[in-house]
Amino acid sequence: MAAQHSLRAGAAEVDITPEIGAALAGSLRRRVSDGVLDPLHARAVVFESGGIRMAIILLDVIVIGNEDAASARRNVGEVLGIPAEQVCICCTHTHSGPSTLEMFESPREKEFLTTRLIPGVEKASRLALEQLQPARAAWANGWEPRAGFNRRHHMRDGSVKMNPGYENPDVVKVAGPTDPQIPMLLIESVSGEPIALIANFSLHYIGGFVGDVISADYFGQFAALMKESKGEKFVALLTHGASGDINNIDVSQRPPPREPGEQVRTVAGWMRDHALEAWEKAEFAEEVAVACNQRIHEQGVRKLVGREIDEAQEQWENESLDMVDRLYGRERLELLKWPDTVPMPVQAFRVGDFAAATMTGEIFCRYGLDLKNASPFSATALIELANGYGGYVPTRVDYDLGGYETWLARSAFATPGTGEALVVEAAKSLKELWSG
């Protein structure tokens, strides 16, 4: 009699690159793409064990809005025959992809969403389902301290400033931690053929390209490098860890001259090296539990009150101000149209001893560290920008310190205390997955 393997897995990727001329995200001012450096993808992995099926789809876009995420999750659920709550849609946060939300001067590229992204998500999940096969899994943690730097710094004047410039004598010290850990889930067939990798790292996009080109940044480069190492059918997902305050800029020293895109390739290479090292040491298991759950957190929305409303209106209408300053006035006024709370999914899933909890916002690094400390699993990821968009989520202390990430706008609307509450919800979900 043939052996019965409890775990089954399948993976696939679909090109979702928009046409040249699409509005690009990642800037307060409007930008339009003038070329394609490398393609954007929807990458999907489907797991099944013990009668439970779930999927994770990673998109090479900056964010996905709540309604678009909910629609995509429902569609994938129908394709896979599972509840939408067992589907995770997350984003790499590349700043060289199409604009997916209306914010500042960036429009919502509806045509891209309806003709490329949503159909791409469905196709990738369907193809991954078709590839479903008996599989085995392993989990590991890499460690990469060279890539991530906390971008917030205490200044001599008492302020906290983001990216204050190289070798700035007014910098007192860094204002937050980093997280060099790379939690990884490795998947291969029972015959040893590589299928997929899900990795997680706390680092914003890198950029450094010439012109307004479309690019999947270091996330896409990592996926391409892993495909070179593991085969053309291999699918690698590098998900976004808690990195609302983490980037690739070391302000303590000036970097050496670099070719456009060189640093993207360098960091992707470091990630690839850690993944290959983990694969060499991995001990794969065939009897692997798969489980998933979801909570809904009612995220409070910060809003102007009293005289603040009049000041924002005056700011928006004052044509003598710089346009970015005016746009902040409009952003704050737009939030007055929002409800007082917005429901945000907090999803958690496990595959063996690898677990992940998702949050919709750009989560400060401290929360990722807190969640890992609270998790009973040996490899734990916090996947941000998943299943919706919740804006920047600083720590309660960082709200008092101030700085760019706390400036009220549709990109930073969470009320103080949001992050702490999210970590509590996520930790409860992980505990339930462990004990269940």
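Lys337 counts as exposed, because its relative accessibility is 63% (exposed means over 50% relative accessible area, buried under 20% and partly exposed in between, with a 1.4 Å probe and protein chains only). This is a predicted model, in which local features need pLDDT of at least 70 and side-chain atom pairs count only at pLDDT 80 or more, whereas totals for chains, interfaces and linings use all residues. Residues are numbered from 1 along each chain as its sequence is written, and side-chain values use heavy atoms, with hydrogens and water left out.

**Salt bridges**

- Lys337 pairs with Glu334 in a salt bridge of 3.2 Å, N to O (a side-chain nitrogen of Lys or Arg within 4 Å of a carboxyl oxygen of Asp or Glu).
- The whole structure holds 28 salt bridges.
- Asp179 and Lys372 form a salt bridge at 2.7 Å, N to O.
- Asp179 lies in the loop between strand 12 and strand 13 (181-189) and Lys372 in helix 7, so their pair ties together parts that are 193 residues apart in sequence (helices, H or I of at least four residues, and strands, E of at least two, are DSSP runs numbered from the N terminus).
- Both Asp179 and Lys372 are buried.

**Positive phi angles**

- Most residues other than glycine have a negative phi.
- Phe104, however, has a positive phi near 50°, and this residue is buried at 4% relative accessibility.
- Leu385 has a positive phi of about 55° and is buried, with a relative accessible area of 1%.
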